[in-house]
Structures are given as structure tokens and as C-alpha cells.
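Please work through the following exercises with the sequence and the model open beside you. Each one sets a task and then gives a solution in steps.

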Amino acid sequence: MSSEKHMGSLPTIHHQNGRGRHDGATFMGVSMKHLSLLILLLQNSTLVLMMRYSRVNVDPDQPMYLASTAVFFAELIKLLACVFVLAYKTKSIPRTFYILRKDIVEQPQEILKMLVPSGLYALQNNLLYVALSNLEAATFQVTYQMKILSTAVFSVMMLNRRLTRQKWFALCLLMVGVTLVQLQNVGSKASPVVVDSKEEDEFSSEGLEGSMGDELGDAGMVGDLVDEETGPVQNPFIGLVAVLTSCVSSGFAGCYFEKILKGAEADMWVRNIQLGLSGALFSFLAMFYDRQRIFEGGIFQGYTAMTWIVVANQALGGLLVAIVVKYADNILKGFATSLSIIISGIISVYFFDFEPSIQFQLGTLVVICSTYLYGRPDSAVPGFIRPTKK
């Protein structure tokens, strides 16, 4: 994205020996390439696992926290973090206020441009909670790679990009792999969630049955429908619809965002503030869906230390990845994604009693291969068929 060129001005990054912009870059003596791999791996794995854990490991004395409020607080934290980074870069509070007034207050049309992507991102973030309330972390992690397909399709339609045969083949493999993974859930009905915990039999339904529970019946979402004897109930079909909708939303929003930013010279952090303002507005409006439950139990109902960790991870993790992602090539990003899928699968087996089928394991392998193949540079044209320069 064009706005990434502004990230090089962060003073914490140093370059050695006069090499290229990214070659040899270090942070506190650690190679930025290796650091970016670690951060991408941690972000991809921990957010999914902690969000899943926070949705199924409910304290019997508390109601489930509301996803709409978590998304709203994440947007507020992200907004404050962007303002802080902008102030850190300018090293002047008056200068920071001048930039905010000039690029935001005096240019409301720029915020209007962000309404579409910010609204879609707000929808996407809420759907992630729905998906992880109804799907195992490993299943979600694999299925969520469908955002590669949606992004590719929208980039062809909206940005007039051309994909090579290798990339189209990788996208076909991706669809096959995700289909194999979802075969494990075919025919599955709403079922109790099992967590490897001493308190797994102590779930309480008090305060957890929301308005969606009555509408969905036996197909309720975790936290919205709770079995009095076995605890929260999940429905794989709802989770699948949520994650696929999130993938489409992510792909369209990303391409739309890139399209409207082409040729723009605004600082990346200013753009993030503009996006955060409209995103916070949409997230606030989304809370009206839960207004009755908020009125009865308060906006912080069900919040625990783990909830705040999930909110902070969702808010700051993405910004952290945005800083280091330029140091990771496509192969490295694909490697991090593949490792995070494997880690999520292993942890799900041990902590969530997840039992992967043969189809799931085969589908995961296909998805990992397709992710690597899509990010891999296209094969060079053999020398004997290259056109010779005259």
C-alpha cells in the first residue's frame, strides 16, 4: 500500500552498512526479518486462540461479555494509539494538533471516504467473535484463509490486476482445502462446548441468554444460548457463514481502501486515525443491537482480564503487524500463516478437546500449500524463450 512508505520514519528502526532500505534493519540488535516473523506468528495465533478461549471459558458467576462492546473498545484503543504514535513522530504536541486539525477537522471529506471500509471492518470484527464462538480455533484459522480468494477476486475486479496461472491454481487449491476442512462439520448440529478445565461443568446460563437465543433456537451462538447442564452451545453452520462473510468483507474493504488511497500523500497514521474515527462510530452503532442487555447488565458485563487482553491484542496487534510487515516478503508471511495454523491446531487438540479428522488434516495441508504457492514469486521465464533485445 502506498501509505507504507511513511513507516520508515519511525526512529526505532536502524539500518546498517548503508545497505538497502530493509536489508540489515535491526531493532535492539534483532534482525527485523526474524522479528517480523515472530510478531506475525504471535499475532496470527494468539488472537484466534485467546478469542476462542474467552468465548467458551465462561466464569459461572458472570455473563458472557458482549462482542459489540469489545469491538468498540478495540477501536478506541487503536485510535488513541495512532494519535500517540503521531505525536511521537512529530515530537511536538502543537504540531500534532495542527496535523489533526488540518488533515481531519478541516477535511471531513477524507473521513467520508473511509465510511465504506470502516463499516466493513466493523462488521468483520463483530463476525470474528461470532465465528470463534461457533468454530474450533483450528477450523476457523484454516477457513479464514479464504480471504486470500476474496481479496484476489476483488483486486481483479476493482484494481484491474492480473493473476498468473500459478496464483489461480493456488486459489483453486485453497477452495479444495477449505472444503475438505469443512467436511468435518457437515451434518453437525448445535453441540455443547468442551473446554479442558476443572470448571467446565460449572457453566451457568444466568444472564447469558440474549435476544438471539430465542430466534436461533437450538442453533444459538455461544454466549447467546446456553444449555443448563452442559454449558455454552455452538453451531458450526453459523460459524461457517460468519467466517465466510468476514472473508468477503475483508477482501472488498482492503481493495476499496487501496483504491481510494492510490496517489494519496497523507501520513499512514493520519489515515488510521480517519479510519478509526469512522470505525468507532460504526462500532458504537452496532452496540444498539445489544442495548437491552447493556441497559440491564452494563457495558462492562462479563469483562475479565482475558477479555481486555483480547481487546488490546485486536487493537494493537494489527498496528504492530502494519509496522513490521514491510520487512517480511510474501514467502515469510506465508510461512508465518502456515505455522500459526499448525500451532492453533495443536493447542486446540490439547486445550479444547478438538479431534481433527483425516479430511481436516488433509485439507489443512492443502491450504498451507496453497498459501505458500500464492505468495511464492512466479517462476521465471526460461532464458531460451526470452525475447532478445535488439
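**Exercise 1.** Decide whether Asn-160 is buried or exposed in this predicted model, and then examine its backbone and its place in the chain.

Solution. Begin with the relative accessible area of Asn-160, which is 65%. Because the exposed class starts over 50%, Asn-160 is exposed. Next, find the residue in the chain: Asn-160 belongs to the loop that runs between helix 7 (147-158) and helix 8 (165-182). Finally, turn to the backbone, where phi of Asn-160 is near 55°, a positive value in a residue other than glycine.

**Exercise 2.** Carry out the analysis for Lys-91, asking where it lies and how it is classed by accessibility.

Solution. Lys-91 is placed in the loop between helix 2 (67-90) and helix 3 (93-105). Its relative accessibility is 63%, so Lys-91 counts as exposed. The phi angle of Lys-91 is near 55°, and this is a positive value in a residue that is not glycine.

**Exercise 3.** Determine whether Ser-348 is buried or exposed, and list what it touches.

Solution. Ser-348 is found in helix 14 (residues 330-351). Its relative accessibility is 0%, and Ser-348 therefore counts as buried. When residues up to four places away in sequence are not counted, Ser-348 touches Leu-49, Ala-137, Ala-138, Asp-353 and Phe-354. For the setting in the whole chain, note that buried residues make up 49% of the 390 residues.

**Exercise 4.** Work out how helix 10 is oriented against helix 5 and against helix 7.

Solution. Two packed helices are described by the angle between their axes and the distance between the axes. Helix 5 (residues 115-134) packs against helix 10 (residues 236-261) at an angle of about 155°, and their axes are 8 Å apart. Since an angle over 145 degrees counts as roughly antiparallel, helix 5 is roughly antiparallel to helix 10. The crossing of these helices, helix 5 and helix 10, is left-handed. Their contact, sorted by residue class, has 16 nonpolar, eight polar and no charged residues.

For helix 7 and helix 10, the packing angle is about 40° and the axes are 8 Å apart. Helix 7 and helix 10 are therefore oblique to each other, and helix 7 passes helix 10 in a right-handed crossing. Among the residues that make the contact are Phe-154 and Met-158 of helix 7, together with Phe-252 and Tyr-256 of helix 10. By class, the contact of helix 7 with helix 10 divides into seven nonpolar, five polar and two charged residues.

Methods: Residues numbered from 1 in each chain as written. Predicted model: local features only at pLDDT ≥ 70, side-chain atom pairs only at ≥ 80, totals over all residues. Heavy atoms only, no water. Helix = DSSP H or I, 4+ residues; strand = E, 2+ residues; numbered from the N terminus. Buried < 20%, exposed > 50% of the residue type's maximum accessible area, 1.4 Å probe, protein only. Contact = heavy atoms within 4.5 Å. Axes fitted to C-alpha atoms, helices over the stretch in contact; angles between N-to-C directions. Parallel < 35°, antiparallel > 145°, perpendicular 65-115°, else oblique. Left-handed = near helix turned anticlockwise from the far one by under 90°. Nonpolar A, V, L, I, M, F, W, Y, C, P; charged D, E, K, R; others polar.
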